[in-house]
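Here is a friendly tour of some helix packing and a pocket. Have the viewer open as you read.

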Amino acid sequence: MRRTTMKRNIIGIDIGKSSFHVSCHDADGHQLYRKRFTRPKLIQHLATIPPAHIAFEACGGCHWLGRLCLLYGHTVSALPPQFVKPYVKNHKNDFLDAEAIAEAASRPSMRFVPIKSEDEQITGAIHRIRQGYVKERTACMSRIGALLLEFGISFPKGHHAMKALFMKLAEINTPLPQALILELQGLHEHYLYLNDKIAEQGNKLKQIVKESKVAQLLTSIPGIGVLTASQCIAAVGNASQFKQGRQFGAWLGLVPRQHSTGGKPTLLGISKRGDKHLRTLFIHCARSILSRPEKTGTVFGTWLSSLLATKPFNVVCVALANKLARIAWAVLRYQRPFEATAL
């Protein structure tokens, strides 16, 4: 997203956990002051100064600070950290980082990250907590399998077998020490607890999608369900920061990475930039379509069938994920449900 700089002082803030380093520049780029603030002192300072252009890196806590600055009448810019790094002069320290942020924010061609609302942040938090439970559940399953392998049992993979752990062990009929059985019972109870917590987080996301008209529009796209729709809302909102669907796909990292020079274009693998979780969800959406081409794959006509006939499966999967991302951008941008005839 591009934004024109107003004739205001530019204040670069290097965000920390308990201390914030501030560098204030005028419209011509001359430094007016630089100070270090604690969190309460920074809030007091922002509430008393005239409206200014506040800039900081898009990092933990930036959206809360952005909403606070908007409340005080300031203009807010959140910059991707990789765009700030070239402006850091000399050795790195907190004040030089704040100066670099202010200088980068003054560039007319700079791109910024939109400030998220509280609801968008809460939805993202639910996703992150669910991801943590899923990783912990996978680790618990691996732990159970490794313990059984130490005692000569190669336990089958998958949740179906793990849920019926002791029934499967009885069928195998291999004697195990009673102390090990007690340890496995504790791990299995933890596994079942994590299943319940994952389902609980999933129900929260279902309720969010049910109450959001925009999320319901996203679910009209083939392959996109509750997880992808809710994460789209949490990550990009109405997608107004992208001029076209191609930019959205590039931001997600679903397009080839370029390394071109001397007029010779060189395309490599996908760039894997942007939101890793959302990119993974779109690829899973594409896999779900490719697993049932007779049901949902027909929506994409000969384009998908010709790709399947000439390209490897994973290449087709990423190409379809990119197309789904572009369709999702159009649905978010124009607030209309997906129409197969438009393809």
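## Helices α5 and α10

The crossing of α5 and α10 is left-handed, a term for a near helix turned anticlockwise from the far one by less than a right angle, with right-handed for clockwise.

On the α5 side, the contact (heavy atoms within 4.5 Å) uses Glu 120, Thr 123, Gly 124, His 127 and Arg 130, and on the α10 side Leu 227, Ser 230, Gln 231, Ile 233 and Ala 234. By class, that gives 3 nonpolar, 5 polar and 2 charged residues. Ala, Val, Leu, Ile, Met, Phe, Trp, Tyr, Cys and Pro count as nonpolar, Asp, Glu, Lys and Arg as charged, and the others, Gly among them, as polar.

## About the model

This is a predicted model, where local features need pLDDT of at least 70 and side-chain atom pairs pLDDT 80 or more, while totals for chains, interfaces and linings use all residues. Residues are numbered from 1 along each chain as its sequence is written, and side-chain values use heavy atoms, leaving out hydrogens and water. Helices (H or I, at least four residues) and strands (E, at least two) are DSSP runs, numbered from the N terminus.

Helix α1 (residues 39–48) and α2 pack at about 30°, with axes 10 Å apart, which makes them roughly parallel. Here Arg 39, Leu 42, Ile 43 and Leu 46 of α1 meet Trp 64, Leu 65, Leu 68 and Cys 69 of α2. This contact has 7 nonpolar, no polar and 1 charged residues.

## The largest pocket

The largest pocket has a volume of about 1,600 Å³. On a 1 Å grid over the protein atoms alone, a pocket is an open set of points where a 1.4 Å probe fits, with protein on both sides within 12 Å along at least five of seven lines; lining residues have an atom within 4 Å of a point. Grid points are joined across faces, edges and corners, and the volume is the space filled by probe spheres set on them.

Helix α5 returns here, giving the most to the lining with 6 residues.

Note on methods. Axes are lines fitted to C-alpha atoms, for helices over the stretch in contact, and angles run from 0 to 180 degrees between N-to-C directions. Angles under 35 degrees count as roughly parallel, over 145 as roughly antiparallel, 65 to 115 as roughly perpendicular and the rest as oblique.
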